Amino acid sequence: MIVRNPILRGFNPDPSIVRVGDDYYIAVSTFEWWPGVKLYHSDDLVRWSDYGYVLTNPGTLDLRGVGPSQGIWAPCLTHCDGKFYLCYTVVRAFYANMYDTENYVVTSSSIDGPWSDPVRLDGFGFDPSLFHDDDGKKYLVSVVTDHRIPKKFGGRLILEEIDPTSFARIGDAVEIYADDSIFLEGPHILRKDGWYYLIAADTGTGEGHGESVLRSRSVKGPYEMLRAPWMDRRSDKEAWSILTSRHEPAHPLQKAGHGDLVETPDGRWYMVHIAARPSKECNPDGKTRIFGHPRFPSERRYPLGRETAIEPVVWRDGWPVLEGGTLPLVDVDIPCRTEKKEEKHPFLDDFTSPVLSPVWQSLRVPMDSNHMKLDGRLRLFGRSGLASLFSQSLIARRIDSFSFVARTKVTFDPENFKQMAGIVVMYDTDNYFYLHVSDDEDAGKCVALLKAENRNYAYPVPYVPVEKGRPILLEIASDDFRFTFRYGFEEDDMRTLATGIDGTFMSDEACFEGWFTGTMTGVCCQDLTGRGKSADFSFFSYCGLDEI
């Protein structure tokens, strides 16, 4: 069956895959979004369903205060002796000299949980990955961060043997990779035919991204990197990559790398990996600090974030390589029991379930009774503002298409301009559009549009007075991330507030602080007076309009 990449669209980076029997599970990074570590399930590698989250206990996961694109990084999901293991990093400070990267492991006899309380792992950096050797020993491989100036190495990986029960380190850490120019991260180890294979993401996380493979006869190394003549390597700062898009800027799937391998029951192999689809827009050239981009001048923008793709893998001369070459495939032929394609339907949540759908996430904190109530509608209690890193009443879902329509109906009668509720499309707390209902001393109850671009705030259009006491429809429509904002009291009488507004600044490489996530859309409510004024949402709908 022909499968089109990406298989997990929108913000779904750093995939880790495991097979248990006929079931496949993928875990992806969630960063500052709650709950932590999103799961997907398939029984054929073709059809993937949302399977909820692993880290759902607010008593053991505290993301309050973490910055944009910090939080949960690079989960590693494995299975051994009837038990699931999940390693992950909680990043609490990254844009600083000394990184605060806490590594943990949780376990469960079932993918459905319950999962154990997190055990803190010894660690020198981030991206911890657990390897279960055939002799029963367990090893942790991870990236080393170095705050010294200058750093000893450009890239470095260490291996630690750990106790199978307590996860305490046994003996000393062993350096298995160090290089002055090639940085490796997201490492995974597997054993096959007497070799230990180390696969790792290389050459950053942007358009130069790739995936390398090394091997050794001993788990402790030394590891040799595959360096084949068919690899297109043009600089000493590039790795020898078995997967990359770095030299093909016109290819529709860029940033290919950060992968993980899985074997099917009949002996076929696949890699799941990061890929991203660029928009047509680029950052400013950076020549003028006010209008340019300080970090990534002239870089292309990726508003959907990094997504998950799949590739067939073959073993040649004892090395795992991609069947289709080093470029990621747009269309992949995967043998499947049935050729029937899964139909796509618009997403509609009428909030009649007693619990939130797993499609939803919140920012940093769970939506408990202090933030929301479900009783045939979604009632959000106004809390902190959209820039808050601590307590927002907000739920959002991934945007998976460049063109889409999102709509909600809200009942809300604010008492002053400090109270707001509506629909949002956002990349992080510094970058968003917020179409909302509020109150103004002159306009009274009104519809307003707030734009935040890297902490530059503006209202692109004047406030529009609306009638009190009536539910109001709010809609955000995207045409290749050019936005139209509408409002109205009836579906057949929607009025345009603004149209043709560029939203690609909500993007990897365009946001000044965070650039690892992706754009989300959802609903929220704020009451900056502290009174907790509530808003009632009767539904939220989302429909993606493009394929690739």
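Okay, quick definition to start: two strands count as paired here if DSSP finds at least two bridges between them, and strands are DSSP E runs of at least two residues, numbered from the N terminus.

Before the details, this is a predicted model, where local features need pLDDT of at least 70, side-chain atom pairs count only at pLDDT 80 or more, and totals for chains, interfaces and linings use all residues. Residues are numbered from 1 along each chain as its sequence is written, and side-chain values use heavy atoms, with hydrogens and water left out.

So, strand 22, residues 307-316.

Who are its partners? Strand 21, residues 269-276, runs antiparallel to strand 22, joined by seven bridges; Val272 has Ile310 as its bridge partner there. Strand 23, residues 319-322, also pairs antiparallel with strand 22, over four bridges, and Val313 bridges to Leu322. That hairpin has two residues between the strands, and Asp317 takes a positive phi near 55°.

Now the second largest pocket, at about 720 Å³. A pocket is an open set of points on a 1 Å grid over the protein atoms alone, where a 1.4 Å probe fits, with protein on both sides within 12 Å along at least five of seven lines; lining residues have an atom within 4 Å of a point. The volume is the space filled by probe spheres set on the points. There are 26 lining residues, and His79, Ile189, Leu190, Arg191 and Leu261 lie nearest the centre. Elements giving two or more residues to that lining include strand 7 (71-80) and strand 15 (184-192).
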